[in-house]
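Colleague: Could you go through this model with me? I'd like to ask a few things as we look at it.

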Amino acid sequence: MVAPKALPALEKPIAITTILLLLSPSLALAWGEDGHKVVARIAEKHLTPKAKQAVARILGQETLSSVAVWADGVRRTNRYRWTAPLHFVNVAKGSAGYDAARDCPKSCVVQAIDAFASTLRNPNASAEKKEEALKFLVHFVGDLHQPLHAGHFEDRGGNRIRVKFFRRDTNLHRLWDSGMIKQRRGNRRWDTYANGLNSAITPNDERSWDGAPSDWATESYKLALSNAYQVGNGQLGQDYFAVNIGVVEEQLKKGGVRLAKLLNGIFG
Ligand code: ADE
Ligand code: ZN
Ligand code: ZN
């Protein structure tokens with residue numbers, strides 16, 4: 001028998017990185033790629049001409065949808081490790097809603113949205129800082145509209161709740177990040193799906209979807225309680241999907257419209 005050949009020097013780190021990526025727990029990822037891109041695409045369609053121009057100047061060749069998942073890619077790097085807790089907020093069990101002093105004493109997704117919006121409004125912030133702020137803002141407005149990104153600490157926003165969805169093993173957080181969206185989208189492209197959702201937004205929807213990020217947190221938390229956490233024995237399928245896909249899609253639409261309103265306000 002020939003001894004297995006050692007990997008060449010260059011391939012080793014690549015192999016190790018691949019293995020680590022394959023093993024990395026779902027704990028980290030947010031609304032899957034689809035959810036973030038859909039929110040960003042809907043926002044793009046609701047920007048004023050002025051805001052569109054400002055966004056283009058900041059992002060150059062990139063667009064809101066092309067940078068929407070960037071924040072998930074950098075959260076494990078040394079440079080951006082500090083941003084990992086900014087993807088969610090945990091709301092105290094038994095409470096009526098989000099309370100900044102109690103649920104976000106230092107940093108969380110609600111505070112992050114306010115902070116990055118301030119950077120975009122700051123005339124003294126550098127072009128690099130503004131680009132970074134816009135990329136985080138697009139992502140975090142999306143995250144906050146996933147109900148389990150404002151869930152309970154005890155189950156890590158549903159990450160620790162094992163469920164089956166149409167007989168496949170997953171966890172509740174993942175199901176709301178991406179599982180139900182994938183089920184609905186089927187073979188359609190994400191942008192086709194986004195366009196369909198956008199067409200269903202009425203002027204009345206646009207008028208009624210406002211509020212501040214702290215309100216969005218309470219709204220998500222209430223949806224987590226009323227819908228996401230209602231898993232019974234954890235064997236989920238058509239019934240759970242039918243009850244909740246409407247909530248998922250309304251949250252995607254709201255996220256897009258509210259992100260656009262926020263940017264329209266910032267860029268006047
Ligand atoms: N991702 C990692 N930890 C989380 C938590 N506690 N809530 C929501 N999302 C998370
Ligand atoms: Zn998530
Ligand atoms: Zn995220």
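Colleague: How do the axes of helix H2 and helix H9 cross, and at what angle?

Modeller: Bear in mind that this is a predicted model. The axes of H2 (residues 33–44) and H9 (residues 190–199) come within 9 Å of each other and cross at roughly 50°, which makes H2 oblique to H9. The crossing of these two helices is right-handed.

Colleague: And which residues in H2 and H9 meet?

Modeller: From H2 there are Asp34, Lys37, Val38, Arg41 and Ile42, and they meet Trp190, Asp191, Tyr193, Ala194, Asn195, Leu197 and Asn198 of H9. Sorted by class, that contact has 6 nonpolar, 2 polar and 4 charged residues.

Colleague: Now H7 and H12, what angle do they pack at?

Modeller: H7 and H12 pack at about 145°, and their axes are 9 Å apart. H7 passes H12 in a right-handed crossing, with Leu134, Leu137, Val138 and Val141 on the H7 side and Gly255, Leu259, Leu262, Leu263 and Ile266 on the H12 side making the contact.

Colleague: How many nonpolar, polar and charged residues does the contact of H7 with H12 have?

Modeller: There are 8 nonpolar residues and 1 polar residue, and no charged residues take part.

Colleague: Leu262, then: what does it touch?

Modeller: Leu262 sits in helix H12, which spans residues 238–266, and it counts as buried because its relative accessibility is 18%. Setting aside residues up to four places away in sequence, Leu262 touches Ile113, Arg121, Leu137 and Val141. Between the C-alpha atoms of Leu262 and Ala117 there are 8.1 Å in space, although the two residues are 145 apart in sequence.

Colleague: Changing topic, what coordinates the zinc ion that is ligand 3?

Modeller: The zinc ion (ligand 3) is coordinated by His87 through ND1, His139 through NE2 and Asp143 through OD, at 2.1 Å. Along the chain, its donors follow the spacing H-x51-H-x3-D.

Colleague: Where do His139 and Asp143 lie, and are they buried or exposed?

Modeller: Both His139 and Asp143 lie in helix H7 (residues 127–144), 4 residues apart, or about one turn of the helix. His139 is buried, and Asp143 is buried too. As a general point, an α-helix has 3.6 residues a turn, so residues three or four places apart point the same way.

Colleague: How far apart are ligand 3 and the zinc ion that is ligand 2?

Modeller: The two zinc ions, ligand 3 and ligand 2, are 5.8 Å apart.

Colleague: What about helix H11, which of its residues are buried?

Modeller: In H11 (residues 213–228), the buried residues are Pro213, Trp216, Ala217, Thr218, Ser220, Tyr221, Leu223, Ala224, Asn227 and Ala228. Their cover includes helix H6 (109–121), H7, helix H8 (172–185) and H12.

Colleague: Where is Thr170, and what is it in contact with?

Modeller: Thr170 is found in strand S2, residues 168–171, and at 13% relative accessibility it counts as buried. Apart from neighbours within four places in sequence, Thr170 is in contact with Ile161, Arg162, Val163, Phe165 and Leu175.

Colleague: Stepping back, how many helices and strands does the protein have?

Modeller: The secondary structure comes to 12 helices and 3 strands, and 51% of the 268 residues count as buried. Among contacts with a separation of 6 or more, residues 24 or more positions apart account for 75%.

How values were computed: Residues numbered from 1 in each chain as written. Chains lettered and ligands numbered in written order. Predicted model: local features only at pLDDT ≥ 70, side-chain atom pairs only at ≥ 80, totals over all residues. Heavy atoms only, no water. Donors = N, O, S within 2.8 Å, 3.2 Å for Na, K, Ca; no water. Buried < 20%, exposed > 50% of the residue type's maximum accessible area, 1.4 Å probe, protein only. Axes fitted to C-alpha atoms, helices over the stretch in contact; angles between N-to-C directions. Parallel < 35°, antiparallel > 145°, perpendicular 65-115°, else oblique. Left-handed = near helix turned anticlockwise from the far one by under 90°. Contact = heavy atoms within 4.5 Å. Nonpolar A, V, L, I, M, F, W, Y, C, P; charged D, E, K, R; others polar.
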